[in-house]
Amino acid sequence: MTEPGASPEDPWVKVEYAYSDNSLDPGLFVESTRKGSVVSRANSIGSTSASSVPNTDDEDSDHHQESYKESYKDRRRRAHTQAEQKRRDAIKRGYDDLQTIVPTCQQQDFSIGSQKLSKAIVLQKTIDYIQFLHKEKKKQEEEVSTLRKDVMALKIMKVNYEQIVKAHQDNPHEGEDQVSDQVKFNLFQGIMDSLFQSFNASISMASFQELSACVFSWIEEHCKPQTLQEIVIGVLHQLKNQLY
């Protein structure tokens, strides 16, 4: 007998109904059993399918994060590679410029043949060339200083000659009185006496080397145009006072 609320199509109801009243209908039992197994397999497949369906939203999110991380690492790696390449290119251009500027880098070194100059050789040749330029600069500065002294001496001599000419023009008759050879000798003697005093006080006779060195030092110090001018003017004043 069918329970209230049960569907006649329910296979288990049919099974129960088939066994009710102590009567057994074999066909009804087989049909009910087959329908029940089909329903069980359908439920099992449905549950398996539901459990095997992937969560596409989570997987898409994880895949997006991994792609973002990989792309960020790739960008950093690419930026680092580009910066390193720029640095190497700058260093290479610097060495190429040195080889172009430094003359000794352009000269062929037979010890290495036709091989390309290494960076160490380029740097060493550059250092040697810079030291050579420093020496040349110092030498030129010394030459310029010597030339300036010569120019100053020439200017002093020019001023002295101009003063002599002007004095002769102002007193045209002053030179008419001829002086004797004795006066000329006294003038030369007075100049030499003055020079010998400084020479005797400056020269060392310990050895020939010291004598040579002292002579050049005495010439540079006591034979300057300005010093000689002062000596000559002083001797001339003395002779003038003696004559007049």
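Modeller: Let me start with the word pocket: on a 1 Å grid over the protein atoms alone, a pocket is an open set of points with protein on both sides within 12 Å along at least five of seven lines, and lining residues have an atom within 4 Å of a point. Grid points are joined across faces, edges and corners, and a volume is the space filled by probe spheres set on the points. This is a predicted model, in which local features need pLDDT of at least 70 and side-chain atom pairs count only at pLDDT 80 or more, while totals for chains, interfaces and linings use all residues. Residues are numbered from 1 along each chain as its sequence is written, and side-chain values use heavy atoms, with hydrogens and water left out.

Colleague: What is the volume of the second largest pocket, and which elements give two or more residues to its lining?

Modeller: The second largest pocket has a volume of about 260 Å³. The elements that give two or more residues to its lining are H5, helix H7 (208–222) and helix H8 (225–243), and H5 gives the most, with 5 residues. Among the lining residues are Lys149, Ile156, Cys223 and Pro225.

Colleague: How many residues of each class are in that lining?

Modeller: The lining has 6 nonpolar, 1 polar and 4 charged residues, where Ala, Val, Leu, Ile, Met, Phe, Trp, Tyr, Cys and Pro count as nonpolar, Asp, Glu, Lys and Arg as charged, and the others, Gly among them, as polar.

Colleague: What makes a stretch a helix here, and how many helices does the protein have?

Modeller: Helices are DSSP runs of H or I with at least four residues, strands are runs of E with at least two, and both are numbered from the N terminus. By that rule the protein has 8 helices and 0 strands. UniProt, in an unreviewed entry, lists residues 130–157 as "coiled-coil region", an annotation of a kind that may be inferred rather than shown by experiment. In the model that span is 100% helix, and its end C-alpha atoms lie 41 Å apart.

Colleague: Why is threonine 126 called buried?

Modeller: Buried means under 20% relative accessible area, exposed over 50%, and partly exposed in between, with a 1.4 Å probe and protein chains only. Threonine 126 has 10% relative accessibility, so it counts as buried. Threonine 126 is in helix H5 (residues 119–170) and, leaving aside neighbours within four places in sequence, is in contact (heavy atoms within 4.5 Å) with Leu98 and Val102.

Colleague: Are leucine 239 and lysine 240 buried or partly exposed?

Modeller: Leucine 239 has a relative accessible area of 9% and is therefore buried, whereas lysine 240, at 47%, is partly exposed. Leucine 239 is in helix H8, and lysine 240 is found in helix H8 as well. Beyond its neighbours within four places in sequence, leucine 239 is in contact with Val183, Asn186 and Leu187.

Terms used
On a 1 Å grid over the protein atoms alone, a cavity is a set of points where a 1.4 Å probe fits but cannot get out, and a pocket is an open set with protein on both sides within 12 Å along at least five of seven lines; lining residues have an atom within 4 Å of a point.
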